[in-house]
Amino acid sequence: MNEQNIFENLQKAVTSSVEELKPVPAALGNVFDCEIISFDGTEKDNRSWRELVAKYIFSAKNFEIHCWEDEQDEIALALGFGKVKPSDWKHGTIIIGEVTPEFTEFILAAEKPADCHVYNKMTPFFSIFLDNGFSSEHYGTENIIRSQQEQEKNDVFRIDVDGMQWIGGSADDPHDLCLHGHVKVQIGDTQLDDHGTVSSTALYLLKTLTENKIMSELDIQLIPCCGHTLFANNELTEVTVS
């Protein structure tokens, strides 16, 4: 069999196989329980984008804006309505704040950016997240509307504790600073469980009432293994547990 015949037989076999292919429904379940609205390069202005945002911004209480590190002008604009959120994002800045009437007016009145050589920008901000499930991403070209059910699922934060005991057993021991127990944590769809010092965990959770929790590999674990040493600052306003 020469090369020409081999090629013709291969072509027929591939063609026949492709023609026999049938679409198979994907079992997505509730993975994409949201609606995505995109604006492409044909948009001459951002009127449609502003009308879309107006449907959701009035019911939101807080916002989060993401800007790349070289977008200093945009960062300065966002800081006019909020503050920097500590994060480990090395290539950008996150600004958080309340959705005030001034912020709402600024977002809805902003003109379409002129620099559209990469993205046909609807807004100068790379990402805008509202706490009601709406987000405008990739400079407004991709907008995601999450269902209430999906939003509630993502907002779940629960901690359960059982099997609590002191070093000498279940009886209270005023000389023992470490109350241990089995801790189960649920954050959205993620569930974790471990044995830790629940007395220290309670202290750290109380701290989150007045300041954001910042994860660290060396200190301030959410569920620490120990809690037998306490270090207080001179003003007695900060306590570190180890």
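Which elements do the buried residues of α2 pack against?

1. Before the answer, a caveat: this is a predicted model, where local features need pLDDT of at least 70, side-chain atom pairs count only at pLDDT 80 or more, and totals for chains, interfaces and linings use all residues. Numbering starts from 1 along each chain as its sequence is written, and side-chain values use heavy atoms, with hydrogens and water left out.

2. Now α2 itself. Helices here are DSSP runs of H or I, at least four residues, and strands are E runs of at least two, numbered from the N terminus. In α2 (residues 47–57), Trp49, Leu52, Val53 and Ile57 are buried (under 20% relative accessible area; exposed is over 50%, partly exposed in between, with a 1.4 Å probe and protein chains only). Down the helix axis they fall within an arc of 125°, so they line one face (the arc takes directions from the axis to the C-beta atoms). Arg47 and Lys55 are exposed on the face turned away.

3. As for the opening question, the buried residues of α2 pack against β1 (34–38), α4 (101–109), β5 (127–130), β6 (134–137) and β7 (142–146). Contact means heavy atoms within 4.5 Å.

4. With α4, Trp49, Arg50, Val53, Ala54 and Ile57 of α2 meet Phe103, Thr104, Ile107, Leu108 and Ala109.

5. The largest nonpolar core has 22 residues, and Ile57, Ile65, Ile107 and Leu130 touch the most other members. Such a core is a set of buried Ala, Val, Leu, Ile, Met, Phe, Trp, Tyr and Cys residues joined through side-chain atoms within 4.5 Å. α2 gives the most to this core, with 4 residues.
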